Every structure is written in structure tokens, then in C-alpha cells.
Amino acid sequence: MEKVVNKNDLVEITIEDIGSNGEGIGKYQGYTLFVKDTAVGDRALVKVMKTGKTYGFARLMKLVKESKYRVEPRCPIAAQCGGCQLQHMDYNKQLEYKENKVRNCLTRIGGFKEIPMEPISGMEEPFYYRNKSQFPVGKRKDGKVAIGFYASRTHFIVDTEHCYIGAKVNVNIIKFMRTFIEQYHIEPYDEVNHQGLLRHILTRVGFRTGEVMVCLIINGDDIPHKEELIKGLQEIPGMKSICLNINKEKTNVILGETIVPLWGETYITDYIGDIAYRISPLSFYQVNPIQTKKLYDIALDYADLNGDEVVWDLYCGIGTISLFLAQKAKMVYGVEIIPQAIEDAKTNASINGITNAEFFVGAAEEVLPQKYKEENIYADVIVVDPPRKGCDQSLLDTILAMKPKKVVYVSCDPATLARDLKYLCEKDYELVKVRAVDQFSHSVHVESTILMTYCGSEEK
Ligand code: SAH
């Protein structure tokens, strides 16, 4: 298509769709433009910033006519902050967008014609839902400390203490930390020169128990004025754990490997349903406890256990899904690559008195094939909950060889989900149910759970 616009042109377009990163999509004389901070139905004056052969990017200059799906973001810095991409969009419209995102991936990437979609599970109150927050610490231009969140696609810190999707207690924690840093001249980390001490403030909150953890990530071995630090943080209601995390690497990875306890335990406890989980600073734990309960209930419902089944839970983290399933299965085996998480999983089994769960450290794509080859292990149900990159093909091949009656796939990336489902469903599996769950309200991310059943001819 011939380019009809050039850089810096001002054009008026109507936003007709939303892209996978939350940008509005509109057309000017047939040429597609992506525009951040717009909603479907907006008529907008935009400035062209970048043009490619088939599409370009533009910046919103003025809303000529507001879409009926547009709402006033609750957070005053929603547009600058990189955390929420959709706060300006009506929540029901957000849910529709996410459901479509999953459906589109399954159609376009997965090649599925009919998608057995169940309605997306949304939140009743989609604010203050996150149990984990990571605030980068830096310096403002005026030399004062900046604590907040990175602006979209940059490492510029948008200064704030009030995140509308984070736990409310964060406001007290960040207010105190700001005063502490200024008063005792704690040097914020400067990632360009790899100098300074305090890199990030990590908070975790047990929504059911009210327990609070603060972990300071530092480029050093210790922090000055510990007594004052502990005394101040201790006064925050629910404080249970104060610790340091050492990260001296020049890296974008937030956490280092070493935890130094300062006060209290090095974990907090929270519940999903009736199961208690111990959570340490390094462990993966789903960030939205209300929606996680719904997600795990769906997974349990899809697994449809009656107490006789052997279940493998791959990518099990601290054993969250495994222990949830163990309530209804004969035996659950969990596999996870991070040794510390497996330690936590074993502790979690023990504090809940669960004896029918066993855990293995290693890559799922290595442990499962090896155990299948050497021990001829069996599964009625296999659950997978991989990171965004999805499952390794060797794991999918082992699933095909093991022929479990059911495969439950929990996914945080519909594109890799669709790729993996295609692989399994071109062979011996059938897609039976798909349900998206809004774990990350106001962001473009979407979680989904799907059920596949064995439909090959070979009897097990
Ligand atoms: N099911 C858990 C964790 C899901 S997150 C929950 O709901 O809480 C994905 C997990 O997969 C993380 O804990 C990560 O450490 C782990 N992981 C990443 N790559 C892996 C691999 N190749 N094999 C096994 N586990 C892996």
C-alpha cells in the first residue's frame, strides 16, 4: 500500500480496533495508524511519528469526539506510567478486548475454526488488586529521590506513591521510604553509571492474612541506618518481614539471588481457598489473589477429578496449583525449574498437611521426558502453566506419548498458547473449553485456562 502520510503530518482518524499492546488502531485513507491512549470509537486528531510500509505510529494530539467507551482514569498518572495501558477504557470493554485477544490468537495462530469460549471472568472491583509491587528508586532532575514506576518503554521513573492497582498499604511504605532516603541520604541507584545503593523497593501483601513484606533491592551488601529503617517500617500495620536483596549486577533483572533478613520472617503467608502458601521475595506467586482463586477453580473444574487420578503439574512454582489439585486427586507430581520454589512447595504441602503431592526440581521439558523414558510414568491429567514463551516442543511430544485423558493449559500469553494447542490438536487432542480470566485489570495482559481431551484412537 502506498504511503499516504509522512512524519509530523496531522490527520484525523476514527479508532476502530485495539492492538495487542493496547494501542488504538485507525485508518487514514486506508493506511493503518497505531495510536496510544485511544479507545475504540474515538475520533482523534493525531500526529504521525513514524511510518513504515504498511502501517505507522501516531501520537494523540486532540480528541475530536470521545468514544462512549472512554472513562476518566482513576489514576492521575495513568497515561504516563507504563503499568496500565487501558485505564481510560470502560472495564467491560477491556474484558471484551481481552476475550477477543485470546479468540483471535486461537484463530489466527492456532488455526482453530470454532472456539469453545466461555465468558471471560472479570473482577467486580478492578482496583487495588495486586499483592506484589516493585518500585524503582532513582533521582529526579532536582536531585530529590524519585520512587514510582517506569514510564512506558523507558526507564524514566514516574514519581508516585499511590498506585491504583497496587495494595493500599504501599502508600504508607513508600511515604516512609521517601522520608528515610532523604533524611539519611541513602543514594538511589543510577543504572547508567552503575553507582548508588538502593535500586528497588519490593512489597508483598497477603490479602487474606494482612501480612506485609518489604524487601529492599540494593547494589551493595548492607544499608546504613538499619535500626531507623526497621523501626519505621515495623509501625506499618501487618508488617511481618523486612529484608534486603543483594543485586550488584549491571542488569535490568530486578532481583539478585541473595536475601538478607533484617527483621521478622523471610516470608509472608497467604491463602488461596483453604490452602495456605508461604511466599518469599524470590518466589513466583500470582499477583491477583481474587482472580487466582477463580483461575485455579476453573483449572480444577476442567480437570474434573474424582480422587483416583494421577496428576502432573508442570511449571508448578511454589506448588500453588498442585496443592489446590491435591485436594481432589490421588497423587499430584509438581515440576519446577527454581530449586527455592520447590523448597517452598514442599513446605507448603507440609503446612497444609498434604501428603499426596511430590515435587521435582528441573526443566519440565527435561524431567517429564526423562521420567517417562526411564520410569514409564503415567498421568490421567497433565496441567501446564508455563511462562510467556510457552512449552518446549519436547515436552509437548512427551505429553502426546503419555496420552493423558485431559490436558489443562494455564497460559499468560495467548500467542504461545495458540501455537502449543495447534501442535497438540493436530495430533491426538481436542480443544474442549477456553476461558479467559482477567488477572491484570487495566493492563493489556490476559490469562487463560483451556481444556483439551485425548481423542486419539489408542486406548490407554
Ligand atoms: N503454576 C504456578 C507458577 C506459574 S509461573 C502458579 O500458578 O503460581 C511459571 C513457572 O514456571 C515459574 O515458577 C518459573 O520459575 C517456572 N519455569 C520456567 N521455565 C521452566 C521450565 N523450563 N521448566 C519448569 N519450570 C519452569
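**Close-up views of a predicted model**

View 1. Helices are DSSP runs of H or I, at least four residues, numbered from the N terminus. H8 and H9 (residues 414–425) pack at an angle of about 35°, with axes 10 Å apart. Axes are lines fitted to C-alpha atoms over the stretch in contact, and angles run from 0 to 180 degrees between N-to-C directions. H8 brings Gln 393, Leu 396, Asp 397, Ile 399 and Leu 400 to the contact (heavy atoms within 4.5 Å); H9 brings Asp 420, Tyr 423 and Leu 424.

**View 2. H7 packs on H8.** H7 spans residues 364–375 and H8 residues 393–402. Their angle is about 30°, with axes 8 Å apart. That makes H7 roughly parallel to H8 (angles under 35 degrees).

**View 3. 17 residues surround the ligand (a heavy atom within 4 Å).** The closest are Tyr 296, Thr 320, Glu 336, Ala 364 and Asp 385. A polar backbone atom of Ala 364 is 2.8 Å from a ligand nitrogen. For a backbone N or O atom of Tyr 315, the distance to a ligand nitrogen is 3.1 Å. For Ile 337, it is 3.3 Å.

**Notes.** The model is predicted: local features need pLDDT of at least 70, side-chain atom pairs count only at pLDDT 80 or more, and totals for chains, interfaces and linings use all residues. Residues are numbered from 1 along each chain as its sequence is written, and side-chain values use heavy atoms, without hydrogens and water.

Definitions and conventions. Helices (H or I, at least four residues) and strands (E, at least two) are DSSP runs, numbered from the N terminus. Angles under 35 degrees count as roughly parallel, over 145 as roughly antiparallel, 65 to 115 as roughly perpendicular and the rest as oblique. A polar contact is a pair of N or O atoms within 3.5 Å; within protein, one must be able to donate a hydrogen and the other to accept it, and residues adjacent in sequence count only if both atoms are side-chain atoms.
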